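Student: I would like to go through the aromatic pairs and the reasons behind their labels.
Tutor: Here is the model.

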Amino acid sequence: AKGRLNPKFSMTLDLRKGAKVQIIVKGAVNEGDTGLVRGTDYMGNYRIAFTDRWRRFGKWWIEAALKGEIEQLPLVNLDPKVVAHVESEDDNGSSGEELEVSDEEEEHSESGSDTQESTDASLPQHLVIVQSHKNVEGNKNQHKWGLRLVEGSEAFVQSVTWHLHPTFRNPDIVVDASKPGFGIVRCGWGTFEVGVEIQLKKQFGGAVLKS
């Protein structure tokens with residue numbers, strides 16, 4: 001299918017202002033929705049006007065796709081240009097040749113691949129982290145705090161890795177969906193920055209989002 005990682009093909013994704021795109025996440029509630037690229041925001045993310053709402057397409061998708069780090073893009077152009085890479089040999093050795101292919105030819109070439117897992121969820125524009133905090137009774141210098149993803153994130157997130165201050169006994173904590181919101185709860189007395197790595201499920205590209 002268009003937008004899937006395949007070393008035998010390359011696809012042009014036109015995100016210039018005015019380009020038409022379509023959601024292709026299999027089984028998503030907004031699968032098949034079409035939109036018009038309206039430009040970028042101040043962070044370089046693409047602003048797309050769909051029928052029901054405006055959405056942002058993060059520029060990290062492009063960076064990850066070019067590195068081969070995701071299995072599936074969530075959207076493609078309505079009529080994407082796909083090129084097949086064909087290796088041929090001549091008297092001087094092997095050389096690469098590119099052939100433009102139709103939708104039917106590409107689908108046939110991938111007929112033996114695994115069927116992508118479907119989902120009823122759609123990837124949100126933002127992943128929200130919720131923080132909780134309260135003082136420890138009897139010790140005003142101790143605080144009980146927690147971090148978790150917003151409810152419903154387990155539909156598209158595989159796991160979350162929290163990176164705490166190195167003074168913690170276990171500063172790097174990997175949490176799966178068995179814990180609500182991939183959350184953690186800890187006690188401490190100081191303030192520090194927490195790093196996070198969010199691993200998306202394969203059907204949403206499988207990328208790792210870092211902050």
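Student: Why is Phe156 called buried?
Tutor: Its relative accessible area is 8%, and buried means under 20%, exposed over 50% and partly exposed in between, with a 1.4 Å probe and protein chains only. Phe156 is therefore buried. This is a predicted model, where local features need pLDDT of at least 70, side-chain atom pairs count only at pLDDT 80 or more, and totals for chains, interfaces and linings use all residues. Residues are numbered from 1 along each chain as its sequence is written, and side-chain values use heavy atoms, with hydrogens and water left out.

Student: How many aromatic pairs does a search of the whole structure find?
Tutor: Six. Rings of Phe, Tyr and Trp (its six-membered ring) pair if their centres lie within 6.5 Å; planes under 30 degrees apart are stacked, over 60 edge-to-face, and the rest tilted.

Student: What makes the pair of Trp145 and Phe192 edge-to-face?
Tutor: The centres are 5.9 Å apart and the planes stand at 75°, so the pair is edge-to-face. Trp145 is in strand β10 (residues 139–149), and Phe192 is 47 residues away in the loop between β13 (184–188) and β14 (195–200). Strands are DSSP runs of E with at least two residues, numbered from the N terminus.

Student: Why does Phe192 count as partly exposed?
Tutor: Phe192 has 26% relative accessibility, so it counts as partly exposed. Trp145, at 11%, counts as buried.

Student: Why is the pair of Phe156 and Phe204 edge-to-face?
Tutor: Their ring centres are 6.2 Å apart and their planes are at 80°, so the pair is edge-to-face. Phe204 is buried, with a relative accessible area of 2%.

Technical notes
Helices (H or I, at least four residues) and strands (E, at least two) are DSSP runs, numbered from the N terminus.
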